[in-house]
2 protein chains.
Amino acid sequence: MTHSELMTLERQEQIVQLVNQAGRITVSELSAHFGVSETTIRRDLAALAARNLVRRTHGGVMRAVPVATSEIPILQRQNEHAAEKERIGAATAELIRDGETLLLAGGSTGLAVARHLNHHQNLTIITESLLVVHELLRQEHHRLILLGGTVAPEELAVRGTLARQMLEQLCVDKVIIGARAVSVERGVSAETPEEAEFLRTFLERGEHTILVTDSSKFHLSALARLCSLSAINTLVTDRGLDEEIARQVQELGVYLITV
Amino acid sequence: MTHSELMTLERQEQIVQLVNQAGRITVSELSAHFGVSETTIRRDLAALAARNLVRRTHGGVMRAVPVATSEIPILQRQNEHAAEKERIGAATAELIRDGETLLLAGGSTGLAVARHLNHHQNLTIITESLLVVHELLRQEHHRLILLGGTVAPEELAVRGTLARQMLEQLCVDKVIIGARAVSVERGVSAETPEEAEFLRTFLERGEHTILVTDSSKFHLSALARLCSLSAINTLVTDRGLDEEIARQVQELGVYLITV
DNA sequence: GCAAATTCGCGCACAAACGAGCACAAAACG
DNA sequence: CGTTTTGTGCTCGTTTGTGCGCGAATTTGC
């Protein structure tokens with residue numbers, strides 16, 4: 001009605017501020033604070049949560065980044081689309097033949113691939129991920145090479161110049177990587193430029209590159225471009241992939257497997 | 001204390017914090033703490049356990065430790081002379097100053113050293129042991145560099161040419177190694193020639209070398225000679241060391257610490 | 001090794017919160 | 001001026017979180 005009335009965007013910005021300040025806030029508190037209905041607040045929160053600016057809970061929202069909780073992101077991501085990732089991992093393992101040498105990047109989907117390698121024999125697996133190592137150590141019958149370098153606690157993986165230098169001395173049959181986002185136009189993306197650079201080094205080390213990613217990644221956008229989709233030989237994803245996108249992917253010369 | 005009705009997710013995050021802080025906690029304690037029914041707490045714990053954030057037990061939960069199977073030799077060795085190793089670890093940690101760079105070999109005694117580094121600040125720790133990495137990742141406040149190379153399952157550590165190459169690019173303030181056997185005449189020994197060769201590379205990378213070993217190792221003999229005792233600057237061991245041997249060690253110019 | 005006491009998991013009930021669809025009003029546009 | 005778009009609020013059927021009770025399972029104590 002009058003002067004005190006805010007525009008929608010303005011209100012949403014203030015909500016983010018309030019949440020970051022207090023840590024958490026309820027829908028009813030926000031409704032009272034801004035003098036709008038709870039329905040409107042819910043719409044705001046849905047929009048903000050979609051942009052990862054806040055975390056939605058029943059009754060309200062919380063700060064997007066948990067304060068001191070030592071939750072390891074990759075362990076969280078493991079539980080998202082878990083069933084799809086498991087199927088993708090199994091299908092990818094079928095592409096591998098006994099005795100091959102693999103470069104296996106340790107995203108949550110790459111970890112699912114590792115879990116399905118226990119029926120293979122005599123593989124040599126190179127990875128940067130401590131979780132992949134942990135998984136494959138349990139299986140016991142493969143040769144395992146871990147890249148060295150600075151340990152990134154939130155990914156449980158090594159990063160940095162040392163790892164890249166080491167990588168450059170190695171050559172493999174197949175390279176398996178994951179991605180944070182995939183798009184026909186914008187190619188394959190990682191979360192940070194550093195991660196993209198690192199994975200690019202992966203791609204150079206092998207003949208055949210396999211991208212493993214669940215179909216939800218096709219609706220996301222990520223900051224750091226890694227490579228174009230046509231640089232990928234084989235893409236393994238789940239059946240949730242849009243048919244139109246699937247057609248475009250195949251036109252780029254990518255061998256597409258959906259499970 | 002200050003919980004004017006929390007939201008579910010918030011309560012679960014706090015539970016994780018409480019568990020990680022205390023090590024374990026009971027359902028009834030949590031119920032009283034948050035002022036909700038035990039049923040609700042059990043539901044929270046089930047959700048957290050499903051995400052591997054805590055480990056469920058009867059009556060409560062424990063900190064989630066993503067370790068480690070029991071038939072691995074080094075984990076068994078950890079239990080032999082455990083008390084001595086713990087004292088040796090603590091005493092060795094006191095030799096380290098904040099901000100230093102360490103090369104820490106991952107024997108069972110080296111692991112005990114790692115456990116006592118959590119009151120130091122801003123260390124850079126280079127290691128070949130996955131167990132040391134695991135321990136120090138929990139402590140969170142150090143920079144951690146893991147050597148790369150072939151993973152030896154029975155030691156949970158990396159070995160091989162790649163690791164040695166990588167090592168040659170690094171320099172540190174202090175080198176900490178363990179041993180399988182120590183003798184005044186025959187020097188410091190490792191289990192295999194490869195291990196000895198590997199540890200010798202360690203010794204070359206730093207100014208000051210510290211040998212950590214419990215006194216029982218002075219009565220053993222091992223195959224592969226690593227170096228002479230006089231190549232060691234400081235030896236940390238337990239009071240079980242024979243006085244005659246102690247005198248001889250000191251005559252060799254080694255600074256001896258017994259705890 | 002058995003009995004008692006916890007503890008657990010499941011189903012049900014209830015209230016709060018939610019999302020989807022519809023209606024209305026104000027602004028934007030041609 | 002009419003039409004479209006956008007933001008808002010309402011209603012209603014559905015989902016989610018919570019607590020309680022009961023039978024089953026697991027510890028604990030002797």
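In which helix of chain B do B:Phe198 and B:Phe202 both lie? Both residues belong to helix H9 of chain B, where they are four residues apart, about one turn of the helix; helices (H or I, at least four residues) and strands (E, at least two) are DSSP runs, numbered from the N terminus.

The model is predicted, so that local features need pLDDT of at least 70 and side-chain atom pairs count only at pLDDT 80 or more, whereas totals for chains, interfaces and linings use all residues. Residues are numbered from 1 along each chain as its sequence is written, chains are lettered from A in the order in which they are written, and side-chain values use heavy atoms, without hydrogens and water.

Over all chains, the structure holds two aromatic pairs (ring centres of Phe, Tyr or the six-membered ring of Trp within 6.5 Å; planes under 30 degrees apart are stacked, over 60 edge-to-face, the rest tilted). The ring centres of A:Phe198 and A:Phe202 lie 5.3 Å apart with the planes at 50°, so this pair is tilted. B:Phe198 and B:Phe202 likewise form a tilted pair, with 5.3 Å centre to centre and 50° between the planes. B:Phe198 is buried at 1% relative accessibility, and B:Phe202 is buried at 0% (buried, under 20% relative accessible area; exposed, over 50%; partly exposed in between; 1.4 Å probe, protein chains only).

Strand S4 (residues 101-104) of chain B runs parallel to strand S5 (residues 124-127) of chain B, and four bridges join them (pairing requires at least two DSSP bridges). Within these strands, B:Thr101 stands opposite B:Thr124.
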